[in-house]
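My notebook is open and the model is loaded. Here is what I looked up, entry by entry.

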Amino acid sequence: AGLLTKSFLRMQESGTGFNVENVWTARIAVPAARYESPEARALVLERSLEEFAALPGVVEAGFTSHLPFAGNNWEGSYSVDGYVPPAGASPPHARHRAISEGFLPSLDIPVVRGRDFAATEAERVVLVDENLANKYWPGEDPLGRRIAIEDLDSQPLWHTIVGVVPAIKHTSLTEDPNKETVYWHYKQSDQAAGVFTLRTTLDPQQLSRVATDAIRRVDPLLVLTNAMSMEERVTRSLAPQRTPMALTLAFASIAVALAVIGIYGVLSWS
């Protein structure tokens, strides 16, 4: 029980790789039946971010297709310009995240090399994490290099790397963040659903009502779901580790109590 508790505390101290404090999150799904084109869906997200950024107490407003510690993921293959996998080897494979230019600042994730996304990009660009940069360009500058994913017609869409960010944990505190991650601009990657991330100077729980009013100013039929703070999401992710630790501590306490009673009884009898 002591070892489990010690491991649990160390796991909590290991951190996520980003700042979870004072961040409010909520999921949105843009109905494709009402917004048929990718441009229309991107405009809804853009207007929503503008409304959120104008709310009192909101410091940064961001959007991502897949939020860390939210229980969902997007992984897939991609191509690296100039790299040919060895015979029999799998192609490059990474986590994929479509984000807005405000997502990284909302979680205090710095850009360690290059730049963040702009509000609108004239060319197809991406950000990559340090795992990917060090894997394919060790000791070299990854900026200006190209990677690609295939479109619906199996044609490669090449993107230029404009920034590098630190590796973060996406699913749990126990994961070893060695899996590479690619960040695409949400306007260049058709997104009908995702999660808003708002960094605030207020209690994140106070944002639910005003954020709901803000999204209704964009479209009265839009609904925010699964709203909670980032700290709460991380805490919930610890449930698989917390439950066995608590049970072991409970049984250990019972064992100690029985031992004390038994020793007392033996000493009293003797």
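**Ground rules.** I call two strands paired if DSSP finds at least two bridges between them. Helices (H or I, at least four residues) and strands (E, at least two) are DSSP runs, numbered from the N terminus. This is a predicted model, so I note that local features need pLDDT of at least 70 and side-chain atom pairs count only at pLDDT 80 or more, while totals for chains, interfaces and linings use all residues. Residues are numbered from 1 along each chain as its sequence is written, and side-chain values use heavy atoms, with hydrogens and water left out.

**Entry 1: around strand 11.** I began with Phe 63, which stands opposite Phe 196 in strand 11. Strand 2 pairs with strand 11 (residues 193-200) in the antiparallel sense, over 6 bridges. Another partner I noted there is Val 58, whose bridge partner in strand 11 is Thr 200. Strand 1 (residues 23-29) also pairs with strand 11 in the antiparallel sense, over 7 bridges, and I found Ile 28 opposite Gly 194.

Next I checked cover, where buried means under 20% relative accessible area, exposed over 50%, and partly exposed in between (1.4 Å probe, protein chains only). Strand 11 is mostly covered, with 7 of its 8 residues buried. Strand 2 has 5 of its 7 residues buried, so it is largely enclosed by the rest of the structure. A reminder to myself: in a regular strand the side chains alternate between the two faces of the sheet.

**Entry 2: strand 5 and its partners.** Which strand pairs with strand 5 in the parallel sense? I found strand 10 (residues 181-185), joined to strand 5 over 5 bridges. Within that pairing, His 96 has Val 182 as its bridge partner. Strand 3 runs antiparallel to strand 5, with 3 bridges between them, and Gly 76 stands opposite Ala 94. Of the 7 residues in strand 5 (residues 93-99), 6 are buried, and I wrote the strand down as mostly covered.

**Entry 3: Asn 73.** I found Asn 73 in the loop between strand 2 (58-64) and strand 3 (75-77). Is Asn 73 buried or partly exposed? Its relative accessible area is 35%, so I count Asn 73 as partly exposed.

Taking contact as heavy atoms within 4.5 Å, I saw that Asn 73 touches His 66, Arg 95 and Arg 97, not counting residues up to four places away in sequence. For polar contacts I used a pair of N or O atoms within 3.5 Å; within protein, one must be able to donate a hydrogen and the other to accept it, and residues adjacent in sequence count only if both atoms are side-chain atoms. The side chain of Asn 73 makes one of 2.7 Å with the side chain of Arg 97 and another of 3.0 Å with that of Glu 75.

**Entry 4: salt bridges.** Here a side-chain nitrogen of Lys or Arg must lie within 4 Å of a carboxyl oxygen of Asp or Glu. By this rule I have 13 salt bridges, and I looked at some of them.

- Asp 219 and Arg 34 meet at 2.4 Å, N to O. This pair links distant parts of the chain, 185 residues apart: Asp 219 sits in the loop between helix 5 (207-218) and strand 12 (224-229), Arg 34 in the loop between strand 1 and helix 2 (38-53). Asp 219 is buried at 3%, whereas Arg 34 is partly exposed at 44%.
- Asp 190 and Arg 41 meet at 2.7 Å, N to O. Asp 190 is in the loop between strand 10 and strand 11 and Arg 41 is in helix 2, 149 residues apart. Arg 41 is buried at 7% relative accessible area, and Asp 190 is partly exposed at 44%.
- Glu 75 and Arg 95 have their closest N and O atoms 4.0 Å apart. Glu 75 lies in strand 3 and Arg 95 in strand 5, so this pair ties together parts 20 residues apart in sequence. I noted Glu 75 as partly exposed at 37% and Arg 95 as buried at 7%.

**Entry 5: Asn 131.** Asn 131 lies in helix 4 (residues 130-136), and its relative accessibility of 19% counts as buried. A polar atom of its side chain lies 3.4 Å from the backbone oxygen of Lys 179. Leaving aside neighbours within four places in sequence, the contacts of Asn 131 include Ala 167 and Pro 177.
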